[in-house]
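Notebook open. I wanted to look up a few helix and backbone details in this one.

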Amino acid sequence: MSSFSVTEPSNRSKWIAGILVITYALITMIPLVWILLTGFKSPSDAISYPPKVVFDPTLEGYVNLFTTRTRQTQEFLEANPPQNWADEIVRQYDMVIVGPSKFGERFMNSVIIGFGSTFLSIFLGTLAAYAFSRFKVPLKDDLLFFILSTRMMPPVAVAIPIFLMFRNLGLSDTHLGMILLYTGVNISLAVWLLKGFIDEIPREYEEAALIDGYTRFQAFYKVVLPQAATGIASTAIFCLIFAWNEYAFAVLLTSANAQTAPPFIPTIIGIGGLDWPAVAAGATIFLIPVMIFTILMRKHLLRGITFGAVRK
């Protein structure tokens, strides 16, 4: 009689599961790989049909993304030879680089607004979640549902009122206005997710800290926060992804000073139309910060490993 376990999967099941996971991962990565490759194509290769998989790589897309160019006469080009490799790339179109583009500014706006709103959402969400979890708040269930209901509204339903409100308050096209707006949208998600994590932390830990002479704030800071670190990190990832990728409010409420990368990237114009290699290059660079942040916090995304590990 061979031993058999109803809980331990067989080797065949492990192989099938592994193949399915790898296949799914490869399929989901195809669009990202295609965007990455398009950033190194020439404009003609980017729009060729059938699509080119094998091509001569070039940095033309990245040059067009980070620079502003203008067309010049042949006499001017002959009198002013190329100064660097980037100049040589644009000279094939009888153009010269006249300065940097606005992509760097738009990218920094995304960093400031995205991480700023994420920090504020986590800070306020953690305090609110702790209050809902530990104290007797009047009409707690109604308030929690009201907070969650703000997430149910489509952005277009509140776009005009928010636009008028921001214009009257002088918050249109400002970093502060966008941070406050994204915080208001994300805080509902933060409160609901973090409350679930804090609910699982036994109250006895805080009671023991209070008996030892800790204040309520010290017990919260030194006992609850370390235990809820996994939930805080997971919630921060979801809040950052929303603020980083948000497009509708950014198009409506920003135009210059606080415009983020999502509404700017589609406006990149090349010779004869949209510069797809530059757009792909911008999208690739735009993915990097969130990808790095998610990789650094990836162990916290495996919520099932530690969720419920602390029990009364």
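**Ground rules.** I'm working from a predicted model, where local features need pLDDT of at least 70, side-chain atom pairs count only at pLDDT 80 or more, and totals for chains, interfaces and linings use all residues. Numbering runs from 1 along each chain as its sequence is written, and side-chain values use heavy atoms, with hydrogens and water left out.

**Helix pair.** I looked up α9 (residues 175-199) and α12 (residues 229-245): their axes come within 9 Å and cross at roughly 155 degrees. Axes here are lines fitted to C-alpha atoms, for helices over the stretch in contact, with angles from 0 to 180 degrees between N-to-C directions. Helices are DSSP runs of H or I, at least four residues, and strands are runs of E, at least two, numbered from the N terminus. So α9 is roughly antiparallel to α12 (the cut-off is over 145 degrees).

Which residues of α9 and α12 make the contact? On α9 I noted Y182, V185, N186, L189, A190, L193, L194 and F197. On α12 they are T230, G231, I232, T235, F238, C239, F242 and A243. Contact means heavy atoms within 4.5 Å.

**Bent helix.** I found that α1 bends by about 40 degrees at I30, with a proline, P31, following within four residues. The bend is the angle between axes fitted to the seven residues ending there and the seven starting there.

**Loops.** I saw a cis peptide bond joining Y49 and P50, omega about 0 degrees. P50 lies in the loop between α2 (43-46) and α3 (60-66). D94, not a glycine, has a positive phi near 55 degrees, and I placed D94 in the loop between α5 (85-91) and β2 (95-100).

Notes. Parallel < 35°, antiparallel > 145°, perpendicular 65-115°, else oblique.
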